[in-house]
Amino acid sequence: MPAIVNQPHADGNVQMLGDPSLIVHATPAAGFTSQLISSLRSPPVFVALLILSVVIVVALAAPLLGTIDPVAIDPGSRLRGLSPEHWLGTDAFGRDTYSRVVYGARVSLIVGAGATLMSITLGLLIGVLAGYFRAADAIIMRVMDGIMAIPSILLAIALVSLTGGSLLTVLVAITIPEVPRVVRLVRSVILSVRTEPYVEAAISLGTRVPTLLVRHMVPNTVAPLIVQGTYVFAAAILTEATLSFLGAGLPPEIPSWGNMMSEGRMYFQLLPGLILYPGIILAATLLSVNVLGDVLRDLLDPKMARKS
Amino acid sequence: MKIDNLAVQVVGDPTGRQVLENISFEISSGETLCVVGESGSGKSVTSLAIMGLLPAGSLKPSRGRILVDGEDILAASPARLRELRATRMAMIFQEPMTALNPVETVGEQIDEVLRIHSKLSKTARRQKVLAMLESVHMPDVERIYNSYPHQLSGGQRQRVVISIALILEPRILIADEPTTALDVTTQKQILLLIRELQKKHNTAVLFITHDFGVVAEIADRIVVMNRGHLVEVGTREDILARPREAYTRMLVSSVPSLIPQKREAPVTDIVLEVQSLSKNYSRKRLFGSGGSVAAAQNVNLTLRKGEIVGIVGESGSGKSTVARCIVRLQDPTSGAVLVKGEDIARVSGPQLRPKRQRVQIVFQDPYRSLNPRMRVGDSIIEGLVNFGTKREAALKKARELLGLVGLSDDSMQRYPHQFSGGQRQRICIARALALDPDILVADEAVSALDVSVQAQVLKLLGEIRDRTGIAVLFITHDLRVAAQICDTILVMQHGSIVEAGPAAEVLTSPRREYTRTLIDAAPGRGWDFQNFGPLISGAA
C-alpha cells in the first residue's frame with residue numbers, strides 16, 4: 001500500500017475529538033464547545049463523525065489511496081470479482097470499482113457542498129428581502145410557493161434534457177427546489193426579530209436599513225441555517241444519486257455513486273457488489289450527515305431538542 | 001401547615017449549592033401569609049416545594065419537612081401526593097390563560113377535579129360546579145360553564161382557576177402572583193374574592209407576590225425572602241412599620257408613595273407638541289376591508305423642556321401606541337407630532353432619519369432591548385456613529401454616559417448577558433442619551449424591574465432630567481411610579497385621554513370617575529411605605 005499522506009492528520013483529528021482527557025474536564029453546564037464534546041460521547045454520534053471524516057479524507061486524498069484512473073476502460077478484464085489488482089472488482093467496461101467508489105466520494109461531496117452553499121446564499125438573500133420589505137414579501141413568497149409546487153426530480157430531468165448533463169446543471173437542478181425552504185426559514189426568523197426592542201431601538205437611533213439587517217437581524221439566522229444546511233447537504237447527495245441512477249444526472253463516464261448503481265443494475269445477479277459498494281457508502285454518508293444535523297439542531301436550538 | 005428547616009438544592013451540582021436554605025414558617029387556617037421578595041429570592045420554589053411540584057431532575061429538597069395537618073409532604077408517595085394536592089392544598093398561578101386548557105370548556109375543567117376526587121353523580125357534579133361559579137361571582141353561570149377560556153376576560157379566567165382550586169375546599173390555597181398579569185381594577189376584585197372565599201371556608205392562604213401594595217392590603221403575616229434565605233417573619237404591622245432587618249427596611253422604603261411630591265410646573269419652552277394624534281389598526285380580511293380599530297383617538301399633549309409627563313392607563317388603553325407614534329416606530333393615521341415646531345408625523349425615509357436623533361426611547365424589557373451579540377460599548381455608540389461621529393470621539397462619549405448612569409468604564413467591553421436587569425436598563429438609558437435627544441420616551445421602562453432597582457432607576461431618570469434638561473414622556477400602568485416621578489399626568493382609557501393635569505391634582509383630587517376608580521383600585525393606598533406608617537390623609 002502506498003504512503004498515505006493525509007491519513008495521520010485525519011486520525012489525529014478523530015483521536016482529538018474522542019480523547020477521554022478532554023471529555024472528563026467538560027462540565028455539563030459549560031458553553032457550546034463543551035456541550036459539543038459531551039454529545040460526541042454518545043456512540044452513534046461518534047461513529048457518524050468518524051464515517052463522515054473518512055469520506056472527506058478519502059475524497060481529498062483519492063489519488064493517493066492506491067486508485068487507478070476511474071474512467072480507464074480495460075475490455076480485457078470485464079466484470080471481474082475481488083482480486084489483488086482490482087480490490088473491489090471491475091464493471092462491465094473493465095473499470096476499477098474501488099477507484100470509482102473513491103472518486104465518487106468527490107462528486108458527492110462537491111454536489112452536497114455546492115448545492116448547500118448556493119441554496120443557503122440565495123435563500124438568505126431572498127429571505128431577508130421577503131422578511132423585511134413587506135411589499136416584496138407577497139410577490140416573493142408566491143413565487144416560492146410556485147417553485148415548491150414543481151416536483152424536484154421532474155425539474156431536474158427537464159433542465160438536464162434542455163442543457164445536457166453536466167455538474168453545473170445538476171447543481172442548479174438540486175439547488176432550485178431547496179431555495180424556497182431556506183427562504184421560508186430566513187423569512188420567519190427576520191419577521192420575529194423585526195419587533196424585538198433592540199431592533200426598534202436601532203431604528204430610532206437612525207441605523208440605516210442595510211446595517212440594521214446585517215448587524216442586528218441576519219446573525220439570528222445563522223444557527224437555524226447551519227442546521228438546515230446539513231439537511232440540504234444530505235438531500236443534495238441523495239438527489240444527485242437518484243438523478244444519475246435515472247440517467248438524468250451526470251454524464252455516465254463520471255464516477256458518481258448514482259451512475260455506478262445505474263450501470264450495475266443489469267449485472268446485479270452476476271456481481272451484486274457493483275450496486276452494493278456504492279450503495280452502502282451512500283447510505284452510510286447520508287445517515288452520518290443526518291445524525292450530525294440532529295446533534296447540531298439539539299445544541300443550537302434547545303427548544304427543538306428531544307427531551308432526554 | 002408548617003414548614004420546618006426546608007432546603008432545596010440543584011440536582012447533580014457537585015458544589016451542593018442550595019437554592020433554598022433554612023426556610024421555616026407556619027400558617028394556620030383562616031390566615032393569609034404573604035411571601036414577598038425580589039426576583040430570584042426563592043418564593044416560587046418554596047411554593048412548588050409545598051405542592052410537591054419541584055421539577056424532577058433539576059431541583060430536589062435536601063433537608064427539612066413540610067407538614068400539612070401533621071403529614072410530611074416530602075415523604076409522601078406520588079399517589080398520596082396527588083390526592084393531597086386536590087383535597088388539602090391547591091394552587092393558582094400568575095397567568096390564567098396558560099393555566100387553563102384552551103380546547104376544553106371551563107365547566108368540564110372544573111368538573112374534572114370532582115370526577116377524579118369525588119364519587120358524585122354527573123348531575124350532582126354539575127350542580128356543584130355551577131354553585132362554585134356562582135360563588136366566584138360569575139354572571140350567567142350556565143353560559144360560562146359552556147365557554148372556552150379564550151371567550152372570557154383575564155379576570156374571569158382567574159376566577160375559573162380559583163374555582164378549580166377551591167371546589168374541593170382545600171385547607172391551604174397557594175397563590176403565586178395571581179394578580180400580577182391583571183389590571184389594577186380587576187386585581188382589586190380578585191383580591192376581594194380570595195378574601196371572601198377564605199372567610200367562608202376558613203382556608204389558609206399562602207400568597208406569593210412582589211407587590212407591597214397587595215401585601216399591605218391583604219396580609220395577616222408576612223415572610224420576607226432574599227436569595228433563598230428567610231429574612232424576616234412577622235405580622236403585617238411588624239414588617240411594614242417596624243422592620244428589624246436592614247434588607248426589609250430597604251425593600252419597604254423603596255415602594256414609591258402614591259402621594260406625589262409638590263413640584264413647580266416648569267415654565268420652559270415646549271419641545272414636543274402632539275396635536276389630535278390618531279392611530280387606527282385596520283383588520284385584514286381576505287376580501288375587502290374588515291373595518292378598523294382605533295388604538296388612539298385625538299390625543300393632544302405638550303411636553304416642555306425638563307418636564308416629565310406621565311401617561312397612565314390600563315392595558316389596551318393606547319398609551320404605548322401613542323409612545324410608538326411619537327418615536328415613529330409606527331405611522332400615525334392622522335394628527336401632527338411637532339418636535340420643536342417641526343412636524344415629524346408625515347415625513348419618512350431619508351427626511352425622517354436625521355429627525356430621529358431628537359426623540360429616543362427606552363423599552364420595558366431590559367433583556368430584549370440590547371443586541372445580545374454586541375458589546376455594550378458598540379451598542380451605545382451605534383447612534384453616534386450613524387450620524388457621523390468618529391469612533392474614538394463616540395467611545396469617549398460612551399464612557400462619560402456610562403459614568404452618568406452609574407456604570408464603570410470596563411462595562412464597554414462586556415456583553416449584555418453579563419449585566420443584571422437594572423444595569424441593562426441603565427445601559428439602554430445611556431444609549432438613548434448618546435444622541436443628546438430633546439425627548440426621552442420611557443415605555444414602561446421600570447415595570448419589569450424589582451422594586452429596589454426600580455427606585456434606583458427612577459432616581460437616575462430624575463437626576464438626568466435635572467442635569468440635562470431633557471423632557472421625558474413616561475408611560476406606565478403603575479400609579480405609584482407615576483406619582484413618584486411625573487410632573488404632569490395624563491390618564492388614558494380606550495384610546496383617548498380622559499384626564500390631564502399636574503400630578504398632585506390628578507392623583508389627589510381627580511375630576512373623572514375613571515381616574516378615581518383607578519386610584520381606588522391601587523393596592524395598599526392607605527399605607528405610606530417610605531415613612532413606615534399608615535397614610536395620614538391630611539398630609540396630602
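I started with strand β1 (residues 2–10) of chain B, which five bridges join to β2(B), the two running antiparallel. Strands here are DSSP runs of E, at least two residues long, and helices are runs of H or I, at least four, both numbered from the N terminus. I took two strands as paired if DSSP finds at least two bridges between them. In this pairing L6(B) stands opposite I23(B) of β2(B).

The model is a predicted one, where local features need pLDDT of at least 70 and side-chain atom pairs count only at pLDDT 80 or more, while totals for chains, interfaces and linings use all residues. Residues are numbered from 1 along each chain as its sequence is written, and chains are lettered from A and ligands numbered from 1 in the order in which they are written.

Next I looked up the sheet that holds β1(B). It is an open sheet of four strands in the order β2-β1-β4-β5 (chain B), paired antiparallel. The edges are β2 (18–26) and β5 (71–72) of chain B; each has a single partner strand, so one side of each is left without a neighbour in the sheet.

I then went to another sheet of chain B. This open sheet has six strands, ordered β6-β7-β8-β3-β9-β10 (chain B), and its pairing is mixed. Its edge strands, β6 (89–92) and β10 (229–235) of chain B, each pair on one side only. From one strand to the next the twist averages 15°; axes are lines fitted to C-alpha atoms, for helices over the stretch in contact, and angles run from 0 to 180 degrees between N-to-C directions.

Within it, I checked β3 (residues 32–36) and β8 (residues 204–209) of chain B, which pair in the parallel sense over five bridges. V35(B) has I208(B) of β8(B) opposite. Helix α1 (residues 43–51) of chain B lies across β3, β6, β7 (172–176), β8 and β9 (221–226) of chain B, at about 145° to β7(B).

For chain A I found 13 helices and zero strands. Of its 308 residues, 38% count as buried, meaning that 20 or more other C-beta atoms, placed from the backbone, lie within 10 Å of a residue's own.

Last, I checked where the chains meet: 20 residues of chain B are in contact with 13 residues of chain A, contact being C-beta atoms, placed from the backbone, within 7 Å. On the chain B side, α14(B) gives the most, with three residues. That side divides into seven nonpolar, six polar and seven charged residues. Nonpolar covers Ala, Val, Leu, Ile, Met, Phe, Trp, Tyr, Cys and Pro, charged covers Asp, Glu, Lys and Arg, and the others, Gly among them, are polar.

Terms used
Buried ≥ 20, exposed ≤ 12 C-beta atoms within 10 Å, placed from the backbone. Contact = placed C-beta atoms within 7 Å.
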